[in-house]
Amino acid sequence: MPFEHDGSTFVGHEPCETCGSSDANARFSDGHLWCFACSTYTPAEGDAVKTDTTPEPANLIEGIPRAIPARGLSEEDCRKFGYLIGTKANGEQVQIATYRDKKGKAIAQKLRGRDKSFQMIGDAKNVTLFGSHLWAGNGKKVCLTEGEIDAISLSKCFGHKYACVSLPSGAQSAVRAVKDAFDYLTSFEEVIICTDMDEAGRNAAEAIAEVLPVGKAKIATLPAKDANDALVKGKSAELIQAVWQAREFRPDGVKTAKDFRDVISVDETASSISWPYSALDSRLMGMRRKELICLASGSGCGKTTFCKEVAYHLMMSDQKVGLISLEEAPKRTLLGLVGLHLNKNLLIDRSQATDQEVLDGFDDLFDDRTCVLYDSFGTSSVELICQRIQYMARALDCDWIILDHVTMLTANMVDERRELDKCVTQFRTLVEELNVGMLMVSHLTRPGGRGHEDGAAVSLSQLRSSHSLAQLSDAAIGLQKDPDDPDSDYRQLRVLKNRFCGSIGDAGTLFYQRETGRLIESELAQFTETEQGDEQHDEERTPESNAA
């Protein structure tokens, strides 16, 4: 109900002095009034008028909670969940399931007619799981059902003490709904999936479990066709037992050789996604999902610029990218990507483009392409980063994750090496489980003698703190300065490890164009410089020399 105070309930209808309606004014138990005809809010005596008086969407139907004996539900059960009885404009009486947004505001309703027809009205795009507003999350268990009546029924069996929610549209759009509620569901220690016992419900249960992190989901086998059927048949005890005995869902990793017949002939060497640099691409033979790639470089050698170039290249290849930049604010990351798109070094010289040009470049780059950023400047826990990676992959369908940089996650810990081992092990598991490719940046230990900032070569043994960085990575790339001229803008790429085909060694030379902010192949840089020189020479030629 609009402006329903904590603990207040609908009492009855009254005339409205503002619009003259005879019965549209609804009085609540704490004394406040709300008119459904003219949207006038009248506070209870002694209450201050609320500053936020935005009414619910105009097309929501007025209703009151009533017992539904045929379903075994009392008026109090329905009131708790906002499950109401009301009348449509055509006079048809309907059951009303009230749906809310993430702030708890009622924004939509699902209407159930006598003929079991359903209709969704209001802002259906932004609804949360039915009943999720009653439990804030971070609990031990949450039970997920297919329908609203099932959620109320299951909650009733537990004395309304445990979180019970339902999907907005049943089994048909279960995966999308779970992705939208990914953060909420995964905040609980366990998600007990209590879908219907028919084939569609069982298929939906496994599809939901596949979306959730491994070990998080459990599937319950109900003692009747659904939770409400169990309640009506007096099987509440069996229903509760089914929840407690729900089996943990884990993808079946044991298969026979014949299970791979359909994929055995697929050519995995012919990756459709290339690296942005030809020599590096020739060494690694493309970019592949389910691979963990380590980029190792010293301070000031261009790691972040390299990552932006890779991210930009992936987006231009229609890949969805998730960026976790622990040393850079999202605004700066995005401005850098827009600069790459415009071929302007906006991070160094913002005056190269007007505000409108930046906005136009932003829209052109991101309107039809997906780039997801983790908005957290500074250190974060390994567990939190793993959760964000899962959210990016499972809920937002990211194909690639770029983490800059992994060593920041475990810096200043008591046992940095051990923690970094755990971190990289989790990342290796995630790329396989989530079917994503991941590029992680690693700092290096300082070598004896000349440092990396002076052109020292990068080796696997210099990966900071942990041998796991080298052992668990599918590929390792070294980005280093020119040893003969470390102050130049040239950078050398070396493949240090290549599990896919074994080819290691020199992977080309890159050049940092300060004017454009691009890190490009040296051959292209020379071509560009020649072109620019020719243009300048043409401009300097006089009309007389042109005539000659």
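Two strands pair if DSSP finds at least two bridges between them. The exercises below use this rule and others on a predicted model.

**Exercise 1. Strand β14 and its sheet**

Solution. 
- Step 1. Strand β13 covers residues 217-219, and two bridges join it to β14. At least two bridges are needed for a pair.
- Step 2. β13 and β14 run antiparallel.
- Step 3. The open sheet has five strands in the order β11-β10-β12-β13-β14, and its pairing is mixed.

**Exercise 2. The surroundings of strand β18**

Task: Decide whether the residues of β18 are buried or exposed, and name the strands that pair with β18.

Solution. 
- Step 1. Buried means under 20% relative accessible area.
- Step 2. Five of the five residues of β18 (residues 400-404) are buried, so this strand is largely enclosed by the rest of the structure.
- Step 3. W400, I402 and D404 point one way from β18, while I401 and L403 point the other way. Both groups are buried.
- Step 4. Strand β16 (residues 321-325) pairs with β18 in the parallel sense over five bridges. In this pairing V321 stands opposite W400.
- Step 5. Strand β19 (residues 437-442) is joined to β18 by four bridges, and the two run parallel. Here I402 stands opposite L439.
- Step 6. A cis peptide bond, with omega about 5°, joins D404 and H405. H405 lies in the loop between β18 and α13 (407-410).

**Exercise 3. Helix α9**

Task: Compare the span of α9 with the expected span, and state how many of its residues are buried.

Solution. 
- Step 1. α9 (residues 303-316) has 14 residues.
- Step 2. From first C-alpha to last, α9 reaches 20 Å, close to the 20 Å expected at 1.5 Å a residue.
- Step 3. The helix is mostly covered, with 11 of its 14 residues buried. Among them are F306, V310, Y312 and L314. The charged residues K303, K308 and E309 are buried as well.
- Step 4. After α9 comes D318, which has a positive phi near 65°.

**Exercise 4. Aromatic rings**

Task: Classify the F158–Y162 pair and the Y490–F511 pair by their geometry.

Solution. 
- Step 1. The structure holds 11 aromatic pairs. Planes over 60 degrees apart count as edge-to-face, and those under 30 as stacked.
- Step 2. F158 and Y162 are 5.2 Å apart, centre to centre, with 70° between the planes, an edge-to-face pair. F158 is buried at 9% relative accessibility, whereas Y162 is partly exposed at 36%.
- Step 3. The ring centres of Y490 and F511 are 4.8 Å apart and the planes lie at 50°, so this pair is tilted.
- Step 4. Y490 is in strand β21 (residues 490-498) and F511 in strand β22 (residues 505-513), so the pair ties together parts 21 residues apart in sequence. Y490 is partly exposed at 25% relative accessibility, and F511 is buried at 12%.
- Step 5. Elsewhere, ring pairs link F81, Y99, F130 and W135 into a cluster.

**Exercise 5. Charges over rings**

Task: Give the distances at which K110 and R288 lie from the ring centres of F118 and F500.

Solution. 
- Step 1. The charged end of K110 sits over the ring of F118, 5.7 Å from its centre.
- Step 2. R288 lies over the face of F500, at 3.6 Å from the ring centre.

Definitions and conventions: Residues are numbered from 1 along each chain as its sequence is written. This is a predicted model: local features need pLDDT of at least 70, side-chain atom pairs count only at pLDDT 80 or more; totals for chains, interfaces and linings use all residues. Side-chain values use heavy atoms; hydrogens and water are left out. The expected span of a helix is 1.5 Å times one less than its number of residues. Buried means under 20% relative accessible area, exposed over 50%, partly exposed in between (1.4 Å probe, protein chains only). Rings of Phe, Tyr and Trp (its six-membered ring) pair if their centres lie within 6.5 Å; planes under 30 degrees apart count as stacked, over 60 as edge-to-face and the rest as tilted. A charge sits over a ring if NZ of Lys or CZ of Arg is within 6 Å of the ring centre and within 35 degrees of the ring normal.
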